[in-house]
Structures are given as C-alpha cells and as structure tokens.
Amino acid sequence: MTIIVTGGAGFIGSNFIFHMIERYPEYRIICLDKLTYAGNLSTLAPVMDNPQFRFVKADICDREVVYKIFGEEHPDIVVNFAAESHVDRSIENPGVFLETNIMGTATMMDACRKYGITRYHQVSTDEVYGDLPLDRPDLFFTEETPIHTSSPYSSSKAAADLLVLAYHRTYGLPVSISRCSNNYGPYHFPEKLIPLMIANALNDKPLPVYGEGINVRDWLYVEDHCKAIDLVIHKGRVGEVYNIGGHNEMRNIDIVKMICDALGKPYSLITYVTDRKGHDMRYAIDPTKIHNELGWLPETKFADGIKKTIQWYLYNCEWWETVISGEYQTTMRKCTGIDNRTIDI
Ligand code: NAD
Ligand code: TDX
C-alpha cells in the first residue's frame, strides 16, 4: 500500500505520518509538502531516514509536479492535509487560501482521476458548519448540518468539500471527507491558541485573548484525530462525510487560565484584545456516525492531553523557536533558563 500524505510537514499531517509508519510498517508513505511558514522539515526528522518514507517538496497546486509524483509512485490512497489553516491570516489575505485550499484540492483530485486510486480523503474542518449559539448547549454539528461559513478560511474549506463531493458524483472518484473539531498536541504551530499561549507564557509575554474569551471550541487530542482518519480511509464508506470530535467543549479563557496554572504564571499576563472579525461563537461536533459505523471514540482525556502537550512544549523549546517565522521571531525571546521541566495540573 502506498499513501501520499500532503501537508505532512505541518501539525496534524506530521502526527498522522508518525502514526501510520508505526502502525503499518509495510506501507510506503510519501509526504508532499510545499514547506510554507507552517511546514517544517525538522518536524519530520524522526522518519526522514526510514526506508518506508519519502519526502517531496512540492506545491499541491503545481499540476506538472503533482502528476510526476503520481507517475512515479502510483499511490493507492491520497490523504490531503495541505492547506492554509489559520483563520486570522485568511482575514488578512484570503487569496492564498483560495489557491491552496480550493485549487490545490482540485489538482490533487485531477491527479487521482488520471492515475487511478482506491481512495482520496479530504481532511476538512467543523468550521464549514459555521457556529452555534452559546445559549443552546443542546445543539451539535451533524453531517447533515448545512454548510454556513464565516471566514475566508472556512469558506475555502467548504468550497473544497463541495468539489470533493462533486468529483465523486460526476467522475465516480472514490472519496471521503472528515470534518474535525479543534486539535491540540505536539508540533502545533505557535500562532494557534494553545501553543501560542504556552509559548507566550513561557516567555512572560502578554496572552492575547480575543473579545471576552467566552467563545467555545471542542478540543481533540491530535492522535485521536489521526486514528479516526486511519479508520475512515480503510473502513469508511466511499462518498461519505464523517464528523470527528470528542465532546470536549471549553471556553478560550478557561484554557488560557489552565495553561497559566500549569506553568505557574500569573493571570495578569492575560490581555483582552480586539475581537476577531466574524468570530465564531461555539463549535461542537456530534461524532455519533463515526462511532456507530467505525467504532471510533477519543482515547485521550483533555486533562491528560493538555498536560502532555504543555510538557512537550517545555521539552521542545528549540522546535517551536525555530519554526516561528521571522515576523513572529521579533516578538519572542529564547526560552533558555527553563529548568523546571515538570508541570502540575
Ligand atoms: P498546518 O498549517 O499546521 O499545516 C499545513 C501544512 O500544509 C504545512 O506543512 C504546509 O507547508 C503545507 N502546505 C500549505 N500549502 C501547501 C501547498 N500549496 N502545497 C503543499 N503543501 C502545502 O495545518 P494543520 O493544523 O496541520 O491542518 C491540517 C489540515 O487539517 C488542514 O486541511 C486543516 O484545514 C485541517 N484541520 C485542522 C484542524 C486544527 O485544529 N488544526 C482542525 C480540523 C481540520
Ligand atoms: O491569540 C489568540 N487569541 C484568541 O483568543 C488566538 C490565536 C486565538 N484566540 C481564540 C480564537 C478562537 O476562538 O481562540 C480560539 C481558537 O483559535 P485558533 O487556535 O486560531 O483556532 P480556530 O479559529 O478555532 O480554528 C482552528 O480549528 C479549526 C484551526 O486553526 C483550523 O485550522 C481548524 O480548521
């Protein structure tokens, strides 16, 4: 079995590659990644010399290169993680989101049509459903919830999902889609809430909380997401959408306080800043379908997952300091001098 994993130098894609290489030593895994600011080759260092693994630096929008790789590797399965993934960046500069998230998806699927595959899997997000009101805790996103996007990011992901389903209906491409809630864990780029707050707290920098900090996200440990995708690509039904989430809703402010507590940092670091434009209030996934059909359940409790995550950032300062791009580096200082590498939650 040969699997092409796009975006494998990023957060979830790299965790997925580690999972697959360990679980299926007989598989060949090809990572195709453009190495944007969010992708980093050092992340893949643990598998770089593994004979099962090949890394190719390539843009999923580059048809010629993508076709060449398909011609060389003849993959059985393609899992498309590659995307511009940060909502705030999409608000500043939507163009690249449309290019990578929509046109890149179309290019990958055209290659699948041309060379033939057994499964094209699109890694999507719960953000395509828009948001839920805070005063209706009884409401959840199901696979039938209408698409109703808020940001250029979520709109680009929704457009890609529609294309994927259209390629299935029009060309019979064997596709599947998973829509996951917010992930957290190792190798998460420190522009997103949890790793940003950990990095800033370690550097005694302000912790910027948007608006009142009462927005709710449904957090899932990244390994649980990877296991769910593994199940969907092997056992999920073609043409189907699967929601992935762990019924773990938290307010942003509570997460930030939890991180302060774990690192022994004062709440006075918390700084309320101007709210994100069009800020989604609440995400909450109903994972009944993937549970009933594929037997998936999240295995990591939030209390354990956040502890492991904070510990990982403590032990891997070098990783997150290195991956932070120039524009961020100016706001960060070296986290040398941290010698207390245990945390207590
Ligand atoms: P990330 O930003 O950490 O990584 C994205 C990766 O894609 C990077 O390695 C980057 O170099 C690569 N990439 C970007 N543009 C590319 C291009 N044109 N060609 C090839 N590679 C390119 O993102 P992530 O958080 O790991 O998210 C992965 C996927 O999962 C995305 O599709 C995202 O929409 C989806 N998702 C993320 C979350 C989350 O909480 N992070 C939740 C649900 C779904
Ligand atoms: O500095 C911050 N302060 C803050 O209050 C940042 C970066 C975020 N926030 C808030 C905004 C959100 O309510 O925290 C919440 C989480 O923000 P992000 O980490 O940017 O994630 P979100 O916007 O929820 O989107 C994430 O989940 C779905 C991923 O980035 C997407 O790729 C995924 O599709």
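The model is predicted: local features need pLDDT of at least 70, side-chain atom pairs count only at pLDDT 80 or more, and totals for chains, interfaces and linings use all residues. Residues are numbered from 1 along each chain as its sequence is written, and side-chain values use heavy atoms, without hydrogens and water.

The C-alpha trace spans about 55 × 45 × 40 Å along its principal axes. The chain has 13 helices (DSSP runs of H or I, at least four residues) and 13 strands (runs of E, at least two).

Ligand 1 is surrounded by 28 residues (a heavy atom within 4 Å). Ile-12, Asp-33, Ser-85, Tyr-153 and Lys-157 are the closest. The shell comprises 13 nonpolar residues (Ala, Val, Leu, Ile, Met, Phe, Trp, Tyr, Cys and Pro), four charged (Asp, Glu, Lys and Arg) and eleven polar (the others, Gly among them). Helix H1 (11-23), strand S5 (119-125) and helix H6 (152-171) each supply at least two shell residues. S5 gives the most, with three.

Backbone atoms also approach the ligand. A polar backbone atom of Ile-60 lies 2.9 Å from a nitrogen atom of ligand 1. For Phe-81, a polar backbone atom is 3.0 Å from a ligand oxygen atom. The protein covers 96% of the 840 Å² of accessible area that ligand 1 has on its own.

Conventions:
Chains are lettered from A and ligands numbered from 1 in the order in which they are written. A polar contact is a pair of N or O atoms within 3.5 Å; within protein, one must be able to donate a hydrogen and the other to accept it, and residues adjacent in sequence count only if both atoms are side-chain atoms. Accessible areas come from the Shrake-Rupley method with a 1.4 Å probe; for residues, only the protein chains shown count as cover.
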